[in-house]
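Let's take a quick walk through a protein fold, one topic at a time. Have the sequence and the 3D view ready as you read.

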Amino acid sequence: MTDASRVSGLTAIVPAAGIGSRMGADGPKQYLQLAGKTILEHTLARLLSHPAITQVIVALAPHDRWFEALPVAADPRIVRVEGGAERAFSVLNGLHVAQGEWVLVHDAARPCLTHGDLDALIAAAMGCGGAILGSRVRDTMKRSDSEGNIIATVEREQLWHALTPQMFPTRTLQRALEEGLLLGATITDEASAMERAGFTVRMVEGRADNIKVTRPEDLSLAGLFLSQQA
């Protein structure tokens with residue numbers, strides 16, 4: 001397995017063009033305040049402080065008026081690209097300017113990523129050709145019909161929640177996304193594009209505190225995790 005501490009020249013792509021409607025905020029959720037900074041600033045700081053990452057590409061909405069005001073926007077390792085209406089288009093725009101042979105794609109609203117998880121992901125991905133962070137499903141899983149009635153209990157063994165970052169060879173991921181989009185495939189994350197293209201993707205168990213801020217209650221939880229990590 002690759003020693004992640006010896007890897008360098010990785011590119012990270014952060015899709016940040018969404019509006020986060022479920023937060024009910026006046027602006028995009030990635031610009032909400034969390035422990036004295038925006039969520040996006042925390043997320044970018046975790047990536048920029050890792051020694052293997054030398055370029056961070058941020059995909060922004062065409063009329064984003066918030067990012068330019070952040071101190072991190074002046075970091076020379078930051079590259080801005082225009083985001084798309086869907087995540088896959090934002091990632092693809094980032095891949096077009098990615099310099100590294102390998103790329104990490106990380107959600108803008110996951111500010112609690114640790115270097116330990118990054119190290120484990122990098123080592124696994126470079127050892128097998130592609131990997132993503134995930135957490136094992138611990139609760140009983142149910143499948144319902146359209147009216148909310150339970151129709152089945154799903155076996156939870158070997159079921160995972162997909163997290164980010166997700167790491168793949170840059171040009172391989174680019175081709176997988178381009179082919180999937182051209183054929184109108186449903187691409188929910190980078191791994192789904194790679195799976196569709198016939199590649200095997202490794203799951204790497206990550207920390208439970210690598211949460212995505214999606215709803216208002218997640219904000220206070222993320223703040224708690226950041227304080228505990230500090």
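Leaving aside its neighbours within four places in sequence, which residues is Thr164 in contact with? The list is Arg87, Val105, His106, Asp107, Arg110, Leu113, Leu133 and Asn210. Keep in mind that you're looking at a predicted model. Several names from that list will come back below.

- You'll find Thr164 in strand 10.
- Thr164 counts as buried because its relative accessibility is 3%, and the cut-off for buried is under 20%.
- The side chain of Thr164 makes a polar contact of 3.4 Å with the side chain of Arg110.
- Arg110 is itself buried, at 8% relative accessibility.

**Charged pairs**

- How many salt bridges does a search of the whole structure find? It turns up seven.
- Asp107 and Arg110 make one of these pairs, with their closest N and O atoms 2.8 Å apart. Asp107 is buried, with a relative accessible area of 5%.
- Another pair is Asp209 with Arg207, where the closest N and O atoms are 2.6 Å apart. Asp209 counts as buried at 9% relative accessibility, whereas Arg207 is partly exposed at 38%.
- Some salt bridges share partners, and that links Arg87, Asp107, Arg110 and Glu190 into one network.
- Arg77 and Asp75 also meet through their side chains, in a salt bridge of 2.9 Å from N to O.

**Strands side by side**

- Strand 1 and strand 6 run parallel, joined by three bridges. Across this pairing, Ala12 sits opposite Leu104 of strand 6.
- Strand 6 also pairs with strand 10, this time in the antiparallel sense and over four bridges. Here Val103 has Phe168 of strand 10 as its bridge partner.
- In a regular strand, side chains alternate between the two faces of the sheet.
- What covers strand 6, then? Both of its faces are covered, with Trp102 and Leu104 buried on one side and Val103 and Val105 buried on the other.

**A look at Ile13**

- Ile13 belongs to strand 1.
- Ile13 is buried because its relative accessible area is 0%, and buried means under 20%.
- Ile13 and Leu44 are 31 residues apart along the chain, and their C-alpha atoms are separated by 10.0 Å.

**The nonpolar cores**

- In soluble globular proteins, nonpolar side chains tend to be buried together.
- The largest nonpolar core here has 34 residues, and the members that touch the most other members are Leu10, Leu44, Val56 and Phe67.
- At least two residues of this core come from each of strand 1, helix 1, strand 4, strand 6, helix 3, strand 7 and strand 10.
- Which element gives this core its largest share? It's helix 3, with five residues.
- Leu44 touches Val14, Val56, Val58, Phe67, Val72 and Ile78, if you skip residues up to four places away in sequence.
- There's also a second, separate core of 21 residues, and its members include Ala59, Leu92, Phe168 and Ile187.

- Helix 3 runs from residue 115 to residue 128.
- An α-helix has 3.6 residues a turn, so residues three or four places apart point the same way.
- Which residues of helix 3 are buried? They are Asp117, Leu118, Leu121, Ile122, Ala123, Ala124 and Ala125.
- Just after helix 3, Gly129 takes a positive phi of about 105°.

Note on methods:
Residues are numbered from 1 along each chain as its sequence is written. This is a predicted model: local features need pLDDT of at least 70, side-chain atom pairs count only at pLDDT 80 or more; totals for chains, interfaces and linings use all residues. Side-chain values use heavy atoms; hydrogens and water are left out. A nonpolar core is a set of buried Ala, Val, Leu, Ile, Met, Phe, Trp, Tyr and Cys residues joined through side-chain atoms within 4.5 Å. Buried means under 20% relative accessible area, exposed over 50%, partly exposed in between (1.4 Å probe, protein chains only). Contact means heavy atoms within 4.5 Å. Two strands pair if DSSP finds at least two bridges between them. A polar contact is a pair of N or O atoms within 3.5 Å; within protein, one must be able to donate a hydrogen and the other to accept it, and residues adjacent in sequence count only if both atoms are side-chain atoms. A salt bridge is a side-chain nitrogen of Lys or Arg within 4 Å of a carboxyl oxygen of Asp or Glu.
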